[in-house]
Amino acid sequence: MKNKNLIVCDTEEEYAKALAEFFMQKKEFRFQVHVCSSLEHANSLGRTFQADILVSAAEHVKKMQEKLQAKRVFVLGTGKGAESLGYPVLYKYQSGEALLREIIQKCSDLFEEEEMPRNMAGAGKRKIIGVFSPVHRIGKTEYALSLGEKMAESENVLYLNLEIFSGAGERFGGNAQTLTDVLYYARQEKGNVGLILTTLVCHRGNLDYIQPMPVSEDVKEVSGTEWAGLFRKILEQSIYETLILDIDEGIPGLYHILKCCTEIHMPVTEDRYSQAKLRQFEHEASLLGHVDVLKKIFRKGGTS
């Protein structure tokens with residue numbers, strides 16, 4: 001995949017460096033980021049490569065663009081007046097996530113299908129690991145997060161919470177946008193999930209995650225087929241090699257989701273009530289013709 005060149009220029013050199021560092025830390029998106037400190041530097045960069053995106057202070061934007069001839073130009077503005085320069089204006093003192101989101105939304109046409117961030121490991125190595133149990137208070141979410149954190153030490157892993165009541169807002173912090181927004185973009189015919197994920201993912205150490213859906217009724221309205229389509233798009237269009245799904249037993253399309261999984265980790269305990277629930281699930285799965293799901297299950301010791 002060809003890297004895109006993004007150049008940051010601002011009168012506050014420390015701000016420019018901090019913004020550039022933020023962009024470079026976005027592992028979900030491959031930018032070659034440069035901080036341009038002078039017209040001489042811009043002239044040197046312009047002779048070296050074709051600039052794709054220029055983010056510049058209003059004071060220098062026209063002269064910088066003369067040297068760089070960037071395909072897209074953004075003005076870092078702090079108030080009125082920047083609009084008169086003829087370029088899209090980014091409010092300077094907003095979060096880095098918000099700045100990046102605006103840039104990507106306005107530059108999506110720069111990224112051809114073959115250049116989008118995607119899994120480079122090959123289809124055979126992509127995995128969907130479901131964490132599911134018919135037993136409550138079993139430590140399922142803690143297990144899923146711990147598993148994801150461990151796997152993320154050596155590969156790109158995305159955790160998705162598919163619980164009807166996930167504890168969103170208290171259990172998970174970070175980006176204000178949620179899995180609801182990811183589903184919205186996935187429903188758009190021209191929407192590229194890999195591109196939008198660059199602005200939506202939150203981080204828990206090396207593990208990436210999307211904020212869960214905050215409204216239970218919204219979770220209940222998503223079909224198993226739609227979830228399956230989302231998983232496929234994420235694996236095809238993003239850098240992620242593994243998805244960790246934290247699955248609620250009451251979610252619509254439960255068996256459709258479980259069928260999508262490469263393997264299913266099921267926290268269990270040995271008490272008789274938990275074992276009775278497990279036997280009931282296994283009996284139901286067999287009765288409904290989902291023996292293939294049962295074959296994917298690996299039982300894991302849970303907590304009470």
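Trainee: Why are α4 and α7 called roughly antiparallel to each other?

Mentor: Compare the angle with the cut-offs. The axes of helix α4 (residues 96-107) and α7 come within 8 Å and cross at roughly 160°. Axes are lines fitted to C-alpha atoms, for helices over the stretch in contact, and angles run from 0 to 180 degrees between N-to-C directions. Under 35 degrees counts as roughly parallel, over 145 as roughly antiparallel, 65 to 115 as roughly perpendicular, and the rest as oblique. So α4 and α7 are roughly antiparallel. This is a predicted model, where local features need pLDDT of at least 70, side-chain atom pairs count only at pLDDT 80 or more, and totals for chains, interfaces and linings use all residues. Residues are numbered from 1 along each chain as its sequence is written, and side-chain values use heavy atoms, with hydrogens and water left out.

Trainee: What makes the contact between α4 and α7?

Mentor: Glu97, Leu100, Arg101 and Ile104 of α4 meet Leu195, Thr198 and Thr199 of α7. Contact means heavy atoms within 4.5 Å. These residues divide into three nonpolar, two polar and two charged. Ala, Val, Leu, Ile, Met, Phe, Trp, Tyr, Cys and Pro count as nonpolar, Asp, Glu, Lys and Arg as charged, and the others, Gly among them, as polar.

Trainee: How do you know whether α2 and α3 are roughly parallel or roughly antiparallel to each other?

Mentor: Use the angle again. Helix α2 (residues 39-48) and helix α3 (residues 61-68) have axes that come within 8 Å and cross at roughly 30°. Therefore α2 and α3 are roughly parallel. On the α2 side, Leu39, Ala42, Asn43, Leu45 and Gly46 take part, and they meet Lys63, Met64, Lys67 and Leu68 in α3. That contact holds five nonpolar, two polar and two charged residues.

Trainee: Which residues of the largest nonpolar core touch the most other members?

Mentor: Leu162, Trp227, Leu245 and Ile247 do, out of 44 residues. A nonpolar core is a set of buried Ala, Val, Leu, Ile, Met, Phe, Trp, Tyr and Cys residues joined through side-chain atoms within 4.5 Å. Among the elements that each supply at least two residues of this core are β7 (157-162), α9 (224-237) and β10 (242-247). A second, separate core has 22 residues, including Tyr15, Leu19, Val55 and Ile104.

Conventions:
Helix = DSSP H or I, 4+ residues; strand = E, 2+ residues; numbered from the N terminus. Buried < 20%, exposed > 50% of the residue type's maximum accessible area, 1.4 Å probe, protein only.
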